[in-house]
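Here are my notes on the model you sent over. Have it open while you read, as the points go from the overall fold down to single side chains.

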Amino acid sequence: MPNRAERRAQAKNNRRGVPQQYDQTHGRARSGMLDEYQLQEKSSRLQDGTDGPWKPTGGTIEETESLLTTSPNYTNPKMFKAPHSARQWFRVISWLLIALSAIAFLVIMWLPSHPMWLVATVSIVFAVGVLSLFFTAGNPKHNPNLDQNGTAV
């Protein structure tokens with residue numbers, strides 16, 4: 001049976017640091033434990049064909065302007081031209097449905113009594129307008145407001 005000094009020292013050690021039930025080292029040093037971050041870094045270095053610790057290289061960085069195919073100062077004078085195809089006319093109608101149903105929501109919000117058929121009708125018109133945008137959307141490759149990575153310019 002340990003004496004009083006040993007019991008007090010062990011109680012003091014138990015109060016400090018990680019509780020014993022969670023301590024994976026069981027009092028040993030942590031140097032032998034696996035570090036997941038270092039394992040991931042080593043794995044990526046091995047995939048790149050390099051080994052050893054990471055060291056900065058003195059390589060040059062390419063200019064970002066040479067990577068961009070679109071100019072951030074791009075202005076398209078024909079951006080707001082009249083719709084010239086059936087798809088674009090349906091897109092205009094979809095946006096009109098969404099705008100009109102939003103206005104109708106604001107109007108029926110102030111009505112003293114809300115007929116259920118009116119709320120349902122406005123909700124259905126709004127849903128049809130939003131869903132029709134998915135069917136009338138064009139090819140994102142032809143969008144002049146996106147760069148080659150799909151980021152808005």
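1. Reading from the N terminus, the elements of the protein chain go α-α-α-α-α. That comes to five helices and zero strands; helices (H or I, at least four residues) and strands (E, at least two) are DSSP runs, numbered from the N terminus.

2. Some ground rules before the details. This is a predicted model, in which local features need pLDDT of at least 70, side-chain atom pairs count only at pLDDT 80 or more, and totals for chains, interfaces and linings use all residues. Residues are numbered from 1 along each chain as its sequence is written, and side-chain values use heavy atoms, with hydrogens and water left out.

3. On burial, 8% of the 153 residues in the protein chain are buried (buried is under 20% relative accessible area, exposed over 50%, partly exposed in between, with a 1.4 Å probe and protein chains only). The chain exposes about 13,900 Å², and carbon and sulfur atoms supply 61% of that; the areas come from the Shrake-Rupley method with a 1.4 Å probe, and for residues only the protein chains shown count as cover.

4. As for contacts (heavy atoms within 4.5 Å), take those in the protein chain with a separation of 6 or more: residues 24 or more positions apart account for 54% of them.

5. Now α5. Its 21 residues should span 30 Å at 1.5 Å a residue, and the end C-alpha atoms are 30 Å apart, which agrees; the expected span is 1.5 Å times one less than the number of residues.

6. Which residues of α5 are buried? They are Val122, Gly129, Ser132, Leu133 and Thr136. Seen down the axis, these buried residues fall within an arc of 115°, so they line one face of α5; the arc is that of the directions from the helix axis to the C-beta atoms.

7. Ser94 is worth a look from the α4 side. This residue sits in helix α4 and counts as buried, at 3% relative accessibility. Leaving out neighbours within four places in sequence, Ser94 is in contact with Gly129, Ser132, Leu133 and Thr136. The side chains of Ser94 and Ser132 are joined by a polar contact of 2.6 Å (a pair of N or O atoms within 3.5 Å; within protein, one must be able to donate a hydrogen and the other to accept it, and residues adjacent in sequence count only if both atoms are side-chain atoms). The Ser94 side chain also reaches the backbone oxygen of Phe90 at 2.8 Å.

8. A search of the whole structure turns up one aromatic pair. Phe105 and Phe126 are edge-to-face, 6.4 Å centre to centre with 70° between the planes. The pair links distant parts of the chain, with Phe105 in helix α4 (residues 86-109) and Phe126 in helix α5 (residues 116-136), 21 residues apart. For the cut-offs, rings of Phe, Tyr and Trp (its six-membered ring) pair if their centres lie within 6.5 Å; planes under 30 degrees apart count as stacked, over 60 as edge-to-face and the rest as tilted. Phe105 is partly exposed at 31% relative accessibility, and Phe126 is partly exposed at 34%.

9. Last, the loop between α4 and α5, where His114 lies. A polar atom of the His114 side chain is 2.8 Å from the backbone oxygen of Ile108. At 46% relative accessibility, His114 counts as partly exposed.
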